[in-house]
Amino acid sequence: MLEDAGLQALREAARLSPDNLPLRRHLAEQLLAKGYLADAEAEFRAALVLAPKDPDITAGLAEAFVRQSAHGAALSVLEPFLATPGYPPRMGVLAARALLGEGDMGRAGHRYHEAVSRDPSVADPELAARLTVPPAPAYAPPAGPAAPAYATPADAPSGAEVEKAKQTFADVAGMEAVKESLRVKLLLPIQQPELFAAYGKRAGGGVLLYGPPGAGKTHLARAAAGELGAAFVNVGLADILDMYVGSSERNLRATFDLARRNRPCVLFFDEVDALAARRSDMRQAHTRQLVNQFLAELDGVDQNANEGVLVLAATNAPWYIDVAFRRPGRFDQLVFVPPPDASARAAILRILCRDKPLAEMDFDAVARVTDHYVGADLKGLVDRAVEVKLQQSISAGRPIPMTTGDLLAAAQGTRPTAVREWLATARNYVLHANESGAWDELMPWIKGKW
Ligand code: ADP
């Protein structure tokens, strides 16, 4: 995108008078309007330093985040405002977009309708359409042509697919404690059933992985399947959620049945908070139906229904999950997937680079300059360095090995996504709500420095 002269002049003016708040604010808004999202974010941040708590600047920053899909970051800047009655309606709409981005349809709808009822001019028809679930009684017959009537639930196709996972725990760097607890919970009962039987313990029950986005929850679940030699079914929201009454429940049942037909199987639900949110938070009766269906599937119709099916789920927002999901036999274990420390980052980089032509590498040096990067950020960094190397190799007509310098250069052009914001949000939710000890693993992180 070519930058116009007006914008250049504005940038120059802001550079010359960095403390001129109206100027910086105007520049930030122009950058946002023209789609220079990262630059707009930086300008709004700078303006917030000059005018902390300014609602318009905060809303601008939140919009820059939302448009970069940094939904957690958007919510954490908006949350202090949303807690006060009468907050600016524009913020409610932004929060709705961020919540939808996080898969929290219930809260997104609530925020959106509240905002628009106070100020109809903030309405966003496109967003509203994505939030609309046709109101209907819980037991209404399936409506419309997109909800075919299946003779039996097993006939209903599941959107999810069965994979044969190639990765094992050897492909997951760091996370030793997490891998160990998964081994005990998932793998040992299957590998050594006699031992478990001797103690009268049955295999079963699911594990809820939680942590910042990109920290490796999906990667870990897939590797658990590979480690077990089990099939892997990766279920996204789009495989389940359907706007027609009754269809989401049917999709869920079909997905469990798919896993049961492919046992041993790891059935993995990503963004599970959208399917398992607290029923008290849900306005629509049929959304509650989905939660009830999910609980019923986890429990199984009989004791052996889920034998050989290991249910894993991941969420960035564990505090939204209905406590009923945490009962024995359901997601009875909460496992925190932490952001990687320096040695884990070096190990992740080593794994990400292992099949590339490499010179002598100092991964520790790269780990040192990538504080707060999660696995997904490091993958982005390596992809970026590889792209540059590929172009150089094409020009040179031969493969040029990647160096530590290439990774360091790539690190300069990237920045960590959402760990700090995620930890700030987590702190808000759990700091004073750990009576049951459910968040013990997370506590040192939210109390520590980051
Ligand atoms: P999440 O599910 O927590 O959002 P992902 O599992 O999708 O995160 O992680 C994104 C990518 O980051 C993975 O595909 C993988 O390449 C990389 N990654 C994350 N954590 C690790 C790890 N511990 N070891 C190796 N690669 C990792």
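**Entry 1: helices H2 and H3**

I looked up the crossing of H2 and H3 first, and it is left-handed. By the definition I used, a crossing is left-handed if the near helix is turned anticlockwise from the far one by less than a right angle, and right-handed if clockwise. The model is predicted, so I noted its limits: local features need pLDDT of at least 70, side-chain atom pairs count only at pLDDT 80 or more, and totals for chains, interfaces and linings use all residues. Residues are numbered from 1 along each chain as its sequence is written, and side-chain values use heavy atoms, with hydrogens and water left out.

Helices (H or I, at least four residues) and strands (E, at least two) are DSSP runs, numbered from the N terminus. Helix H2 covers residues 21-33. I found its axis 8 Å from that of H3, at an angle of about 155°. Axes here are lines fitted to C-alpha atoms, for helices over the stretch in contact, and angles run from 0 to 180 degrees between N-to-C directions. H2 and H3 are therefore roughly antiparallel to each other. The classes are under 35 degrees for roughly parallel, over 145 for roughly antiparallel, 65 to 115 for roughly perpendicular, and oblique for the rest.

Next I listed the contact, meaning heavy atoms within 4.5 Å. From H2 come Leu21, Arg24, Leu27, Ala28, Glu29, Leu31 and Leu32. In H3 they meet Leu37, Asp39, Ala40, Glu43, Phe44, Ala46, Ala47 and Leu50. I sorted the residues of this contact by class: eleven are nonpolar, none polar and four charged. In this scheme Ala, Val, Leu, Ile, Met, Phe, Trp, Tyr, Cys and Pro count as nonpolar, Asp, Glu, Lys and Arg as charged, and the others, Gly among them, as polar.

**Entry 2: helices H3 and H4**

I moved on to H3 (residues 37-50) and H4 (residues 55-67). Their axes come within 9 Å and cross at roughly 155°. That makes H3 roughly antiparallel to H4. H3 passes H4 in a left-handed crossing. On the H3 side the contact includes Leu37, Glu41 and Phe44. On the H4 side it includes Ile57, Leu61 and Phe65. The contact of H3 with H4 holds eight nonpolar, two polar and three charged residues.

Lys53 is exposed, at a relative accessible area of 71%. Exposed means over 50% relative accessible area, buried under 20%, and partly exposed in between (1.4 Å probe, protein chains only).

**Entry 3: salt bridges**

How many salt bridges does a search of the whole structure find? I got 24. A salt bridge is a side-chain nitrogen of Lys or Arg within 4 Å of a carboxyl oxygen of Asp or Glu.

I checked Lys179 and Glu176, whose closest N and O atoms are 3.6 Å apart. Both lie in helix H9 (residues 176-191), three residues apart, about one turn of the helix. Lys179 is buried at 5% relative accessible area, whereas Glu176 is exposed at 52%.

I then checked Arg260 and Glu297, which meet at 2.9 Å, N to O. This pair links distant parts of the chain, 37 residues apart. Arg260 sits in helix H13 (residues 247-261) and Glu297 in helix H14 (residues 285-299). Arg260 and Glu297 are both buried.

My last pair was Asp355 and Lys356, at 3.1 Å, N to O. Asp355 is exposed at 63% relative accessibility, and Lys356 is partly exposed at 27%. I also noted a network: salt bridges that share partners join Glu41, Arg45, Arg415 and Glu421.

**Entry 4: backbone notes**

I found a cis peptide bond between Arg263 and Pro264, with omega about -5°. Pro264 is in the loop between H13 and strand E4 (265-269).

His372 has a positive phi of about 70° although it is not a glycine. I placed His372 in the loop between helix H16 (363-368) and helix H17 (375-396). Is His372 buried or exposed? It counts as buried, at 18% relative accessibility.

**Entry 5: the whole chain**

The protein chain has 20 helices and six strands. Of its 450 residues, 46% count as buried. Among contacts with a separation of 6 or more, 72% come from residues 24 or more positions apart.
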